[in-house]
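Please have the sequence and the structure open while reading. The paragraphs below take the helices, the sheet and the pockets in turn.

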Amino acid sequence: MGSFGDKLKRERELRGVSLREIADGTKISVRFLQALEDDKVGSLPGGLFPRAFAKQYAMFLGLDVERTVADFVAAHGELAPERKPAPMPVRRTPLSLGHAFLAVIAVVALFLTLRRAAPDAQPEPTATPLAAPVVLATDRVYPAPASAPEAPSDSLVLTMTAQADCWVEVRADGNTLVNRVLAQGESQTFEARGELVLSVGNAGGLSIRVNDRPALPLGRSGEVRKNIVITRQNLPELVEQDAAKPDGRSS
């Protein structure tokens, strides 16, 4: 098992991301990010800054933030927790005995006044039950109209299988569904209504099928491909076409 910094560097390289990209996205200098990967925590600003840097690094790459921070603390020790201001004490002013006595008298007087002003209670009227509706023998009961059949699905279904360890990110209709490393032999299936966007850190180590049709190779082994857009319009360009029959007709 490598050190904490080695793990960060491996996750970054699997995604094909440079330290400059992380620095531009997090506003942390490349020098500090390099120190984090080299486990040179003493070169970082003091206090809570090192842990905050590790947290922002993980968020940028889409890693498990809580797990990354816990690994950082395990590797480099616990830092002083952030202090929260103590709550201000509530000042209570006790009522004097004379004030309490006057308050009781005022409540009693108000109760007696309201009781004299209230009218005599009247009995509530008894509700008369409504007559049951009469159904004539000639009345017909028609069944509710059947619901309209659902329109055929026009969704996109992406199935990907890792031929080798490979980082992938899949966004469906603008929502990120996965951002992690798939282990060799692992398969995942995703669905979208309008658009799928795929990024991969090892294009030659991932095979995909779209709507149960094999796709063309994404790239070479170790090649990083980002933001591959898949829609129903460009699907014929991305999947393998049916082989031609001997008589010249396609299947």
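At roughly what angle do the axes of helix α2 and helix α4 cross? The model shown here is a predicted one. In it, the axes of α2 (residues 19–26) and α4 (residues 49–61) cross at roughly 105° and come within 10 Å. Angles of 65 to 115 degrees count as roughly perpendicular, so α2 and α4 are roughly perpendicular to each other.

The contact itself can be followed residue by residue. From α2 come E21, I22, G25 and T26, and these meet Q56, Y57, F60 and L61 of α4. Sorted by type, the residues of this contact are four nonpolar, three polar and one charged.

Next comes a sheet. Strands of a sheet pair through backbone hydrogen bonds, in either a parallel or an antiparallel sense. Here four strands form an open sheet in the order β4-β1-β6-β7, and the pairing is antiparallel. Its edges are β4 (187–192) and β7 (213–214), each of which pairs on one side only. The pairing of β4 with strand β1 (residues 156–162) is antiparallel and runs over six bridges. Within that pairing, L158 has F190 in β4 as its bridge partner.

Which helices each supply at least two residues of the lining of the largest pocket? They are α1 (4–14) and α5 (65–76). The largest share, five residues, comes from α1. The pocket holds about 240 Å³ of space, and its lining consists of F4, K7, L8, R10, E11, L63, D64, R67, T68 and D71. By type, that lining has six charged residues, three nonpolar and one polar.

The second largest pocket has about 190 Å³ of space. Its lining leads back to the helix pair described above: E21, F60 and L61 are among the lining residues, and E21 of α2 and F60 and L61 of α4 also belong to the contact between those helices. At least two lining residues come from each of α4, β2 (166–172) and β8 (225–230). In this lining, four residues are nonpolar, three polar and four charged.

Definitions and conventions
Residues are numbered from 1 along each chain as its sequence is written. This is a predicted model: local features need pLDDT of at least 70, side-chain atom pairs count only at pLDDT 80 or more; totals for chains, interfaces and linings use all residues. Side-chain values use heavy atoms; hydrogens and water are left out. Two strands pair if DSSP finds at least two bridges between them. Axes are lines fitted to C-alpha atoms, for helices over the stretch in contact, and angles run from 0 to 180 degrees between N-to-C directions. Angles under 35 degrees count as roughly parallel, over 145 as roughly antiparallel, 65 to 115 as roughly perpendicular and the rest as oblique. Contact means heavy atoms within 4.5 Å. Ala, Val, Leu, Ile, Met, Phe, Trp, Tyr, Cys and Pro count as nonpolar, Asp, Glu, Lys and Arg as charged, and the others, Gly among them, as polar. On a 1 Å grid over the protein atoms alone, a cavity is a set of points where a 1.4 Å probe fits but cannot get out, and a pocket is an open set with protein on both sides within 12 Å along at least five of seven lines; lining residues have an atom within 4 Å of a point. Grid points are joined across faces, edges and corners, and a volume is the space filled by probe spheres set on the points.
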